[in-house]
Amino acid sequence: MTDSSAARWRPETVAVAAGRPARVPDAPLNQPLVPAATYVGAPATDPTAIGYGRYGNPGWQALEQAIGDLEGGRCLTYGSGMAAGSAILDLFGPGTVVLRPAHCYLGVAAAMAQRVERHGWTVREADPADAEAFLAAARGADLIWLESPTNPMIEVADLAAIAAAREPGSTLVVDNTFATPLLQRPLELGADLVLHSATKIISGHSDALLGAVVAANSDDHDHYGRLEAGRRLGGAIPGSLETYLVLRGLRTLPVRLAAAQASAMILAGRLHDHPAVLRVRYPGLADDPGHARATAGMAGFGTLLSIELADAATADRFIDALGLWVFATSLGGVESMLERRRRWPGELPTVPPGLIRMSVGVEHVEDLWADLDQALAALD
Ligand SMILES: *Cc1c(COP(=O)(O)O)cnc(C)c1O
């Protein structure tokens, strides 16, 4: 597929049409699974030869084309979201100054903390929902890391304002896992790199771990080339089965997202009005602190919300009383899932003990609500 058709089509179409093999009579429509550790030797001068299983795979290339077209950049896939995130961090040397959201994916925060110890990094934290404060904290930073909406507080950053005003010498990375390229495309706003845990909504079926980095097309610092070299040597490559599963999942990303997002809005409203729920965090709600920014900057409010119940014990009793919702970490599957975040010892103390992160799937919304409603009623 050519860049011009990706640019002409709407994302719903790109998700279906990108990363297909050439239309040859009687050839498969889909990129077949290619479990190959090596390839028959080709002349050293052949620029299209892959050569070895750690250097490439037709299945990775198909998925990278599709995710790259959706984000508007050049994509590399990895064995997990953390492998992709670590590959980005590995671009930076000793003494790096990084700014990250005060709340962000715990694994990313831990990987940065490791580099403080080992490589003398400085990690600053700021609230990404306050663009002015975030930009002030970004002064002199080599690496600006954003996640929006954030895990698990569902805070919304003003990506456009931050991308426009940040210092040109810095590298801006946006973890776009929660929004997906259907809701926001950070590279169009001026980010350098986008990170995805494609394990989550892009894949959508809770059966594969996979990460992706997408580099901007205007890539003055050759992030793409340096990441590709790093992946060859670091070996954090995706599996062929995983890229196959994730590309299959990506084909239905727009319809899964639309269905889950519509249900999330309905459930957020009902939970908001329920007397047992202290607070609902969902940018679709008119009184949510992120509502105006999400309305201006995102094409939808997403499939993730968090609720707060009275305390940890109440939240655990509520989760135990559910029958349809699955108690599990992770998110973005067709199955609605939830967990109390503070059950993890590493979770930040600023996350309320009774906060439950909810990932809305594609079941019928009335069945999802009935399950929540009976579990809330059981708390009395
Ligand atoms: C899950 C997740 C990651 C890490 O991805 P894995 O595929 O689990 O390694 C990074 N960022 C966010 C926002 C996530 O939800």
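Modeller: A cavity here is a set of grid points where a 1.4 Å probe fits but cannot get out, with the grid laid over the protein atoms alone. The model you are looking at is predicted.

Biologist: With that rule in hand, how many cavities of 30 Å³ or more does the count come to?

Modeller: The count comes to two cavities of 30 Å³ or more. The largest cavity has a volume of about 60 Å³, while the second largest cavity holds about 40 Å³ of space.

Biologist: Which residues line the largest cavity, and how do they divide by class?

Modeller: Its lining is made up of Ile201, Arg256, Leu257, Ala260, Thr303, Gly332, Gly333, Val334, Val360, Gly361 and Val362. By class, six of these residues are nonpolar, four are polar and one is charged.

Biologist: And which residues line the second largest cavity?

Modeller: The second largest cavity is lined by Pro149, Ile154, Phe178, Ala179, Leu183, Pro283, Met298, Phe301, Gly302, Thr303 and Leu304, and by class this lining has nine nonpolar residues, two polar ones and no charged residues. At least three of the lining residues come from each of domain 1 (3-251) and domain 2 (253-377).

Biologist: Turning to the ligand, which residues are around it?

Modeller: The residues around the ligand are Ser80, Gly81, Met82, Tyr105, Asp175, Thr177, Phe178, Ser197, Thr199, Lys200 and Leu209. By class, this shell has four nonpolar, five polar and two charged residues.

Biologist: What is the volume of the largest pocket, and which residues are the closest to its centre?

Modeller: A pocket, unlike a cavity, is an open set of points. The largest pocket holds about 720 Å³ of space, and of the 31 residues that line it, the closest to its centre are Gln65, Gly68, Asp69, Gly73 and Arg74. Helix H3 (58-71) is one of the elements that each supply at least two lining residues, alongside helix H1 (3-8), helix H2 (11-17), strand S1 (73-78) and helix H10 (223-234), and H3 gives the largest share, eight residues. By class, the lining of the largest pocket has 13 nonpolar, eight polar and 10 charged residues.

Terms used
Residues numbered from 1 in each chain as written. Predicted model: local features only at pLDDT ≥ 70, side-chain atom pairs only at ≥ 80, totals over all residues. Heavy atoms only, no water. 1 Å grid on protein atoms, 1.4 Å probe; cavity = no way out; pocket = protein on both sides within 12 Å on 5 of 7 lines; lining within 4 Å. Points joined across faces, edges and corners; volume = space filled by probe spheres on them. Nonpolar A, V, L, I, M, F, W, Y, C, P; charged D, E, K, R; others polar. Domains from an automatic or database assignment. Near = heavy atom within 4 Å. Helix = DSSP H or I, 4+ residues; strand = E, 2+ residues; numbered from the N terminus.
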